[in-house]
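Reader: I would like to learn how to read packing features from a set of coordinates. Please take the features one by one.

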Amino acid sequence: MLKTRKARAWAIQIGFLAIVAFLLISSTLVARDTLHAQGMNSGFGFLDRSTGWDVGFSLIEFSPFDTYGKVIVVGLLNTIFLGIIGIVLANVVGLTIAVFRTSENGALNAIGTLYIEIFRNVPIILQAFFWYAILTHLPRPKDAYNLGEVAFVSARGVYLPGLNVTGSSALIFFIALVLGIFFYIWFTSARRFRSLTPSAKKNGKLTIVGLVLVIAVAALVMGRIPETNLFSIPTLKGLNIREGIRIPPEMSALAVSMAVYGGAYLAEIIRAGFLSVGKGQAEAAEALGLSPWYVFTRVRLPLAFRAILPTLTNQYVWLFKATTLGIAIGFTDFFSVISVSINQSGQTLELIAILMVGFLVMNNTISFVLNRVNKAIKLKGTQLRT
Amino acid sequence: MSEVAIQIRGMNKFYGTFHALKEINLTVQKGDRIVICGPSGSGKSTMIRCVNRLEEHQAGVIEVLGTELNDEVGNIDVIRRDVGMVFQHFNLFPHLTVLDNCTLSPMLSRKVSQAEAEKTAMMYLERVKIPEQAEKFPGELSGGQQQRVAIARALCMKPEILLFDEPTSALDPEMISEVLEVMVELAQDGMTMLCVTHEMGFARQVADRVIFMDKGEIVEEGPPEDFFNSPKEERTRTFLQQILSH
Amino acid sequence: MTALDHAEIRAMGPSLTESLRRRYFSSPGNTAISLVGGALLLWIVWTVLNWAVFKSVWTTPDGTSEVCKGIDGACWAVIHQRGRLIIFGLFPYEEQWRSTLACVAMLITAILSCVPWFWNALRLAMLWVVGFAIFYILMRGGFLGLLSVRPSEWGGLTLTVFIYAAGILVGMPMAIAFALLRRSELPVISGFIAGLIDGVRSLPLITILFAAALIMPFILPGWLQGDKIWRVIFGFGLFFAAYQAEIIRSGIQALPVGQEEAAKALGMSYFHRTTRIILPQAFRNALPPTINQFVITFKETSLVVIVGFFEVLASGNAAYGSGEWSFAYVEVYVFVGLIYYVFVFSLSRYGAYLERRMRVGQH
């Protein structure tokens, strides 16, 4: 009966599915028994219960009376916030070090190599612990480093001047900015807008800029906290620093470690990209009389970027996952919020499901977007890469 | 000498909607030496690759050494052991020495002892005239030497049929003759051979029959004298003119 | 520059001065960068040396932190005093020689695997299984009068080594299986494995470890649960396998199609084709990224600290965390960092060496 290959293929696949189904069903049954024995209710009803505990850092208003659902949102926002800051900083560091490493100057070379060999070879979590220890051993607020009376650096965190607006409006402000930049780049570089007349193009650009500005300003005006100054400047009052925006040391330590460690990896990727650009292309550009700056920005950088985008995508996803180190030093990121919620509510299975789905969605969004970009900018056809 | 080695009846092959082979009919007796030629893309490689089922056909019948090749073949590997193949790009295993290339499959698939396998391998390496290269790796040999090793490797399985898929096309001109020489000797020893090749000299010298294929069909088939001196079909004539003009 | 230096440079011919000039002083701007950069480098080296060597305190005679009061340099006395804690964790004091021996066994295993004679699947597998078994038996004890120590009491560097070796031993066979199954012609199987691999790869390692520590007790019947450390090692191995499987798969895809066809034409079975032709070559192709993955995986063992294991990072935290040494956090982190550094640096150098060697050996 199982003589033909087709029949065998079917039999194997059905058997495989049966095993998977068996494992799923039996583990569900065991889980039900275990939960029953522990007297716990399964389901997502707990998301509406209030937590009873506060979080250390939140972009939106949060109090212990708020629900589990909200605390998870707080964690998600913190993770996205930290992820964006960390990845942006890592890019800055990475590009700088890559330029050092590919420079013809021996001293810059040596600095770049030293940097990479030191920071790439030590686990990022160790670096996070290290920076956190350094930051929390800074002077106390009353002895804080005073940067021109507008910013302070202390063990309680870095105090920066800011605006007296609610967290949610600041969030909308930033989202508007990011989306604005994204649409602007898309509009100026996408193929489908290339055929527009220059005036239509100009109008389009103005519309995008205008729209973003209106939304951003509106968000700030609506979110303004009444009866306060618009600007909030940190000042030392007694033993503590009042006003301003406090960036807690947990956040800074993570952002710094992501920038330092991620930067070391990104630098090597970017360097490989530069090396992959054929000498011929750069020489051709020079032969056309382009200045070194144009050779770099118009020929080497775009070609290198195309060559490394798939690797960069992986590295961004990896860096984004590194935000989960928050739990090690007490930053309330998505993962640590879930972890505390598990301890407090006991809803292990549901919370871990939320955690995994959350990361699957976020990371796949990153790869999806960047893969689309990659597809859009990919060199068409095959060409000699020498 | 009248045993049937390969029997192909009404065979068709498609790649998606592309009709790669159309109604192929071919009978190969044991000891037959057949040369298949035709322009590139005519389906000649595809046809011989169907004989050891590296490609699967969709309609018709292929019988190899008395076994029909279809989905019901319990173990295609058993049949492949009796049908050797020599590829255009040699496909030697670069991580194994020449000797190991030759002994691997006899030891694993035919369960021959190592001593026996090495004895056979050295015999065939001598026959293709490179016994001194036995301990080298394929990458250290020239193209012609590699192809001769590939022939020896196929022979080590003691196959009943040998398939040649453009064995000289990837070689530099000066190396072609050393490979052809080996093939001629094999033919003279009575090996059943199916050769896809453009070497018309070889075809004249050893072939019992020459088959001309174009656009997935067998256009013409006949003994070399007739084929070269009085081709019946227009397409054959054009092809022969092109290939013999230089 | 002294006269001697000049003489030396002249002795080496003009090419050196010329290349020096080109690399450092080709233009005024370049000269300025070289000078500033050189000064910065010197300053860094000087500061580090000054702190770590010249002004540091290495030992503590009375076991307290008194010796480090008021010094400007590093207080290495904390390592002198707490080094055993960092290396061995809470392993019983009198039994720590076993821990040392076990680590030496692992080290020998690692060094032996760099010897080309061991480079085939069987020998390598045997070597690691034996090395790992020696490690485990030594650590576990419970025979010949050796005190029995459960894995949950292991700690420090030894625990890091254990989790790393065990994770890779579990993960490598999984990785090979995943890579082969993902290439399967059966859509259900390849699709399922692809989903599994991509899913694991887009999750942070901590969430996998967390799930292994917390979910498995729910869904596994009691007799299958085992100690938490084994569950975490399984999670660790799974994560490694998801990445390594893709590395192996790309190694397979880099092979010419003709290799598999030639093996088929010789009548070799799927098993023989895979084990004798495909995998050996795929591993060779995939060696550089594989070593890179080993390096990354070693660094990632540090994450088990989050699911409550007392590995080298956690024991480092403990070493300065309590009272009198709390000022010496930099020294402790530098020490732990150096442990990682030595391993990671030598492994990646070895990888670079292999890569060069392979490039030379390519025909």
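This is a predicted model: local features need pLDDT of at least 70, side-chain atom pairs count only at pLDDT 80 or more; totals for chains, interfaces and linings use all residues.

Reader: What does the secondary structure of chain A come to?

Author: Helices (H or I, at least four residues) and strands (E, at least two) are DSSP runs numbered from the N terminus. Chain A has 12 helices and 8 strands, and its C-alpha trace spans about 85 × 80 × 50 Å along the principal axes. Buried means under 20% relative accessible area, exposed over 50%, and partly exposed in between, with a 1.4 Å probe and protein chains only. Of the 386 residues in chain A, 42% are buried. A contact means heavy atoms within 4.5 Å. Among chain A contacts between residues at least 6 apart in sequence, 67% join residues at least 24 apart.

Reader: Is Trp10(A) buried or exposed?

Author: Trp10(A) counts as exposed because its relative accessible area is 56%. This residue is found in helix H1 (residues 5-37) of chain A. From Trp10(A) to Tyr68(A) the separation is 58 residues in sequence and 46 Å in space, C-alpha to C-alpha.

Reader: How many residues does the largest nonpolar core have?

Author: A nonpolar core is a set of buried Ala, Val, Leu, Ile, Met, Phe, Trp, Tyr and Cys residues joined through side-chain atoms within 4.5 Å. The largest one has 207 residues, and Ile36(B) and Phe162(C) have the most contacts inside it. Helix H7 (residues 156-182) of chain C gives the largest share of this core, 15 residues. A second, separate core of 50 residues includes Leu92(B), Ala152(B), Leu180(B) and Val206(B).

Reader: Which residues does Phe162(C) touch?

Author: Leaving out residues up to four places away in sequence, Phe162(C) touches Phe132(C), Phe135(C), Tyr136(C), Trp154(C), Ile229(C), Trp230(C) and Ile233(C).

Reader: What describes a pair of aromatic rings?

Author: The distance of the centres and the angle of the planes describe a pair of aromatic rings. Rings of Phe, Tyr and Trp (its six-membered ring) pair if their centres lie within 6.5 Å; planes under 30 degrees apart count as stacked, over 60 as edge-to-face and the rest as tilted. Over all chains, the structure holds 43 aromatic pairs. One of them is the tilted pair of Tyr261(A) and Tyr265(A), with 5.4 Å centre to centre and 50° between the planes. Both residues lie in helix H7 (residues 249-276) of chain A, 4 residues apart, about one turn of the helix. Tyr261(A) is buried at 4% relative accessibility, and Tyr265(A) is buried at 12%.
Phe320(A) and Phe359(A) form an edge-to-face pair, at 6.5 Å centre to centre and 70° between the planes. Phe320(A) lies in helix H9 (residues 292-321) and Phe359(A) in helix H12 (residues 348-377) of chain A, so this pair ties together parts that are 39 residues apart in sequence. Phe320(A) is buried with a relative accessible area of 6%, and Phe359(A) is buried at 0%.

Reader: Which residues form one aromatic cluster?

Author: Phe129(A), Phe130(A), Trp131(A), Tyr320(C), Tyr329(C) and Tyr333(C) form one.

Reader: Where does Arg120(A) lie?

Author: A charge sits over a ring if NZ of Lys or CZ of Arg is within 6 Å of the ring centre and within 35 degrees of the ring normal. Arg120(A) lies over the face of Tyr265(A), 5.6 Å from the ring centre. Arg204(B) lies over the face of Phe228(B), at 4.4 Å.

Reader: What describes two packed helices?

Author: The angle between their axes and the distance between the axes describe them. Axes are lines fitted to C-alpha atoms, for helices over the stretch in contact, and angles run from 0 to 180 degrees between N-to-C directions. The axes of H7(C) and helix H14 (residues 270-285) of chain C come within 13 Å and cross at roughly 110°. H7(C) is therefore roughly perpendicular to H14(C) (under 35 degrees is roughly parallel, over 145 roughly antiparallel, 65 to 115 roughly perpendicular and the rest oblique). Met172(C), Ile176(C) and Leu180(C) in H7(C) meet Tyr270(C), Thr274(C), Leu279(C) and Phe283(C) in H14(C).

Technical notes. Residues are numbered from 1 along each chain as its sequence is written. Chains are lettered from A and ligands numbered from 1 in the order in which they are written. Side-chain values use heavy atoms; hydrogens and water are left out.
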